[in-house]
Each structure stands twice: as C-alpha cells, then as structure tokens.
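Here is a short tour of some charged contacts in a protein model. Have the structure open as you read.

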Amino acid sequence: MKLINSVLTKVVIGVTGAVLTHAAIAQSNGVNNSPVSLEDYVRKVVNENPEVQASWRQLQVAMSDVDIARGGFRPQVDVLASSAYTDRNYGLDREYMGHTAQITLTQMLYDGFLTSSEVKRFKQAQVVRFFELMGEIEQKSLDTALAYMDVQLFRELLKLAEENLITHVDVFKQIEESVEAGVGRRADLEQISGRLSLAESNVLTELSNLHDVTARFLRLVGEKPAQNLQSVSINSAFVDANVTDIQSLLTSAYGTNPQFNAAIYNIDAQRYAVDSAKSLYHPQVNLTASYGAQTRDQAALNNTITEASVGVNFSYNLYNGGSDSAAIRQALSQVDLAKDLRDKACIDMRQTVQIAYNDIINITEQLPALNAHRLSSDRVKSAYMDQFTIGERSLLDLLDSENEYYESSRAYLEAQYTLEKARVRLLAASGSLAQTLGITKDGVPDVLDKAEEKITYDPNYVCPVVRTDFEDELNILKRDSDGDGIVDLWDDCVDSTPGAMVDDFGCEAKEEPELAPEPSAADFTLDNANIIESFNVNIEFASNSTEVLPEYENSLQEVIDALNSDANSGVIIHGHASLDGDAAYNQRLSERRAKTVASMLMTKANIEARRITAVGYGETRPLVDEESEAANARNRRIEAAIIQLPSTQ
C-alpha cells in the first residue's frame with residue numbers, strides 16, 4: 001500500500017505542476033485570450049531588441065564616419081585670440097594690456113589621396129554595417145520564430161504527456177481494485193507502478209523543456225508568450241520554387257544573404273584602407289592664408305600692427321621609423337582577414353541551406369508514414385483497451401500499445417514543427433525571412449545607393465556550390481541498381497541480368513515445378529489440419545541465406561519415406577528465422593526457405609506439388625528466445641508435419 005500511495009502522490013504532484021504552469025502562463029498574459037501571431041512578436045523584437053538596436057547604432061556611427069572623412073576636402077579655418085596683462089622691469093612701458101587676434105585658413109591641395117581613400121573606405125564600411133544590421137534582423141527573426149514554435153511544440157507535447165499520464169492512472173486504478181479484490185496479480189501492480197512513474201517523468205520532462213524555451217522566448221522578446229498563439233505557416237515563393245533544386249537555392253541565397261554580402265563589402269572597404277596607408281609615402285601640399293592684428297608692436301610699444309599672408313606649404317616625410325611600411329602591411333593583412341571572413345560566411349551559409357533543404361525534403365516524405373504510424377497506434381491502443389477490459393489482452397500488451405501511441409504521436413508532432421523550422425531557417429539563410437513576415441526596421445535608410453561602388457560578383461567563383469552528393473542515400477527507398485523493378489532495399493540479387501524475369505525478391509526466376517497453392521478453407525487450414533506425424537528436419541541455414549548446403553540434402557529422407565508410405569498424406573514445410581534483423585524481412589526469408597525445401601521434395605523425390613505446402617513463420621516461433629550466435633543457428637531451421645489430405649472424392 002505504501003508503494004501505491006507513493007505513486008499516486010507523485011502523480012498528483014506532476015499533474016498539479018502542469019496545471020500551475022498553464023495557470024502561470026495565463027496569468028502572466030492577463031485575461032486577454034485573443035491569439036497573438038509570430039509577426040507581432042518579430043516586429044517587437046526587430047524594433048526593441050537591444051542587440052538589434054546596437055547594430056542600428058553602429059550603422060549610424062558608420063554613416064557619421066563618412067561625413068567626418070569628407071571634411072578633409074573642405075578648408076580648415078582657425079581663429080586665435082588673446083588678451084594678456086604684462087608687468088616687466090624693462091622698456092618704456094613696463095605695465096600694459098596687450099591684445100592679439102589671428103585667423104588662419106588651410107585648404108588641402110594634395111595629400112596622396114588619403115582623404116578620398118578614407119571617404120571611399122567609410123562609404124563601403126557603412127554598407128557593411130547596413131548588411132550586418134540586416135543580418136542581425138534576420139537572426140533575431142529566426143531566433144524568435146524558433147522560440148515561438150518551440151513554445152507551441154512543448155505545450156502540445158506537455159498536453160500529450162498529461163493525457164498519457166491520465167491513461168496510466170486509470171489503468172493503475174483498475175489494477176489496484178483487482179488486487180484488493182483478490183483477483184489481480186501483484187506483479188501487474190508493480191508493472192503498472194513502474195510505467196506510471198515513467199509517464200510522470202515524461203510530464204516533468206516536458207514541463208522542464210517548456211520552462212527552458214519560455215525563458216529563451218522571454219530573453220528575446222522581453223515578455224512571456226501569450227497563452228493563445230496563432231499557428232505558423234510560412235508561405236514563400238522562394239522556398240516553394242527552389243526547394244527541389246539545391247543548386248538554384250544556394251545560388252539565390254549567395255546573392256541575398258546579408259552576412260555574406262557584408263563580408264564581400266568589407267573586403268572592398270579594407271582595400272581602400274590599403275590606399276590610405278600608401279598615401280603616407282606621398283607629400284602633403286596645403287594652401288594657407290592668415291591675417292592677424294595686435295595692439296603692441298615688437299618693441300611692446302602701444303602701436304597696433306597687422307600682418308597678412310597667403311601661400312602654399314609643402315611637406316614630405318623622408319623617414320618615420322618604419323611606421324608607414326608597417327601600416328601598409330597591417331592594411332594588407334586586414335584585406336586577407338576580410339577574405340577569410342567571407343569564406344567563413346560562405347561555408348556557414350552553405351551548411352545552413354543544405355541542412356534546411358535536406359530536412360524539408362526528408363521530413364516531407366516522412367510525415368505521411370509518421371502520421372500513418374500514429375493513427376495505427378491509436379487504433380491499436382483503443383482495441384487493446386477494449387480487449388484488456390474483457391481479459392483478452394495482457395497488461396503488458398496494453399501498456400506497450402499506450403506507450404507506442406505516445407511515442408508515435410510525439411514523433412509526428414516533432415516532425416511537423418521541424419519541417420516549419422527548416423523552412424524558416426532556409427528563409428533566414430537567404431536573407432528573406434523578415435521580408436516574408438512583412439517586418440521592417442523603422443527609420444533604416446537604404447545605404448546601398450550611397451555606396452562608393454556596388455559590388456557585383458559571380459557566386460560560382462566567390463562561393464561555388466558544393467553538393468553533398470547524398471541523393472542516392474536519400475532515395476534508398478526508390479533506388480533500383482539493376483533496373484529489375486525491385487528496389488535495392490528488397491532486392492536480394494542486385495546484379496540480375498537486364499530484362500530477365502525476376503521473382504518478388506529480385507532474383508532471376510528459375511524453371512522449377514510449380515508449388516501447390518496455399519491450402520484454402522475448402523481443403524483444410526494449417527491450424528486444423530489432421531497432423532499424422534511431425535519432424536524436426538536437420539537443415540540449418542547461413543545468415544540471410546536460403547541455400548540448402550549439400551551436407552543437408554539427405555535430411556529429408558524421413559519425410560520422403562513417410563510420404564511414400566501413404567499416398568493420401570501430405571506435408572507442411574515450416575520455415576523459421578532467427579531473432580536478429582527486421583521482423584518483416586525475416587518473415588519473407590522463412591517463407592523462401594520453406595519453398596526451397598519444398599522444391600527439393602518435388603525435384604529429388606518426385607513428390608506431387610499438390611501434396612506439399614510451404615509456410616513461413618519468421619521469428620515468431622523461436623526454439624531459443626535470445627540473439628546469441630548459437631541461438632540464431634538453432635532458430636534458422638525447417639520443420640515438417642505429415643498431414644492427412646482431404647478426400648478428393
């Protein structure tokens with residue numbers, strides 16, 4: 001009884017935690033239950049997230065850098081004025097106030113193209129900052145979309161886990177009542193108690209996962225997700241048109257991915273920095289003009305004097321301690337660094353696109369099978385529950401069917417969301433997620449029109465498409481190497497002669513006596529056949545083989561003798577397989593083994609085909625219930641049952 005109370009206490013705690021979590025979510029969002037869309041949250045993040053705002057400030061700084069650099073083309077005007085009291089012990093005027101004023105104009109005439117190179121560098125740099133901002137917007141849009149869908153996913157998974165837990169509680173109560181009434185087995189109670197703890201653990205795991213994704217959502221958006229979230233369905237001509245062609249997909253993404261374009265423009269900006277560094281080897285030529293006045297002359301007498309000058313100043317540095325050459329080397333290294341960053345952006349983008357593309361292709365093909373498994377598991381679960389109630393199914397059957405339904409439903413849900421996540425990742429890699437969602441950053445100018453030069457490049461040269469070349473592996477369900485109409489997955493003879501007739505397993509059909517048809521209800525059934533005698537035939541097969549080795553050819557003599565002694569007798573050949581490997585494959589393998597032995601009876605002993613029936617039991621009737629090498633050898637066997645054939649009169 002302590003065990004029962006302990007388990008029930010855990011169940012109450014688990015369910016209560018789930019209810020409190022849902023209540024907390026609802027309370028945090030007030031009483032407004034109107035659905036909130038992904039676009040609403042992405043728009044909030046794009047315009048308020050501090051990382052996006054920081055990237056926007058960097059763009060503003062870069063735009064100001066251009067204006068600062070342009071100032072070098074304009075004249076520099078300086079005014080110098082002073083008023084000073086002087087007390088001295090010499091001269092005629094030993095104590096006086098003196099005033100001076102001077103205005104100077106300096107106009108750069110030639111600086112080795114330093115100013116023009118800096119303007120070009122900063123104009124390209126502002127484009128780099130622009131694409132970095134666009135990249136940050138895409139990244140935050142992606143992060144928000146993934147967090148949004150994760151919240152939806154784990155809410156549904158939590159609901160599924162809770163339903164599974166409730167079902168286990170109901171079964172637990174039934175078993176508990178049976179045990180207390182003295183008609184149930186305590187072993188069943190122990191079994192359901194363990195499964196109940198597992199169901200509770202599943203609920204707590206989903207609660208923990210939901211908490212984590214909610215915390216991630218809170219970090220991105222600044223608020224908890226609403227209780228009512230709209231479903232996400234991304235409709236994009238970019239994805240829908242190109243998802244079947246990875247090469248077109250990659251080529252398109254290279255042209256629009258913001259991080260890649262930022263890296264491309266950064267190379268150009270650093271090349272202008274090299275020009276700026278090289279200008280240090282050129283002379284400096286400036287036009288200067290000045291006018292000044294002072295109330296005291298050179299002798300400090302009270303005479304106002306003025307002076308004006310205009311001219312050209314020339315300066316040329318002959319040696320600067322090696323700093324100028326070091327600056328050029330540094331600028332060239334910055335260009336190489338920018339190229340490395342471009343290559344990294346290319347590799348990262350290519351990986352993201354290829355993974356997202358692969359997920360879309362694979363999951364789209366998986367979803368029908370996963371859904372079929374889920375629906376089938378649901379029907380089995382319902383049938384097993386009814387059969388368990390009337391005692392036709394064991395508790396283990398019922399619990400296994402319930403867990404299979406839970407796992408299949410969980411797999412189907414995760415696949416659905418993974419597909420939408422892959423579509424979102426693909427859009428973000430192409431730089432068009434925010435655009436698809438209709439989101440723009442307020443106040444951001446289009447600085448591409450202000451670029452010194454718009455960069456054009458050939459993606460096939462700058463970032464060539466590299467295919468993963470897994471198409472054959474991805475099409476394993478469709479691949480037919482020898483073109484015989486049997487896909488390789490089911491083909492036991494993948495090198496059959498072109499055009500040859502093959503059997504259901506892709507092997508060339510041999511001329512051999514036709515086997516008798518499977519017994520019908522008009523004749524007899526295998527379960528109800530009148531069995532005269534049974535034999536364990538000493539024939540063992542190699543793994544995955546149907547060939548009867550020469551040393552076993554005489555193993556059928558007892559069967560042949562029994563058939564020859566009674567013309568009205570027949571034989572059922574039972575084929576069996578070991579427990580290792582796929583059950584469906586083992587079933588077909590056992591059938592083929594039985595047919596091979598049946599063919600030996602017809603060809604070597606001239607037994608009529610009507611007297612022979614070949615049946616395969618796969619791995620359902622093992623002699624040894626394990627998968628050791630010795631057990632597998634014993635389970636790969638042939639059995640024979642001599643039966644009385646029905647009268648043909």
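An α-helix has 3.6 residues a turn, so residues three or four places apart point the same way. Helices are DSSP runs of H or I with at least four residues, numbered from the N terminus.

A word on the model: it is predicted, so local features need pLDDT of at least 70 and side-chain atom pairs count only at pLDDT 80 or more, while totals for chains, interfaces and linings use all residues. Residues are numbered from 1 along each chain as its sequence is written, and side-chain values use heavy atoms, leaving out hydrogens and water.

The whole structure holds 21 salt bridges, each a side-chain nitrogen of Lys or Arg within 4 Å of a carboxyl oxygen of Asp or Glu. Three of them are listed here:

| Salt bridge | N to O distance |
|---|---|
| Lys421 and Asp150 | 2.3 Å |
| Asp400 and Arg195 | 2.9 Å |
| Glu414 and Arg410 | 2.7 Å |

Asp400 in helix H10 and Arg195 in helix H5 are 205 residues apart; Asp400 is partly exposed at 36%, and Arg195 is buried at 18%.

Notes
Helix = DSSP H or I, 4+ residues; strand = E, 2+ residues; numbered from the N terminus. Buried < 20%, exposed > 50% of the residue type's maximum accessible area, 1.4 Å probe, protein only.
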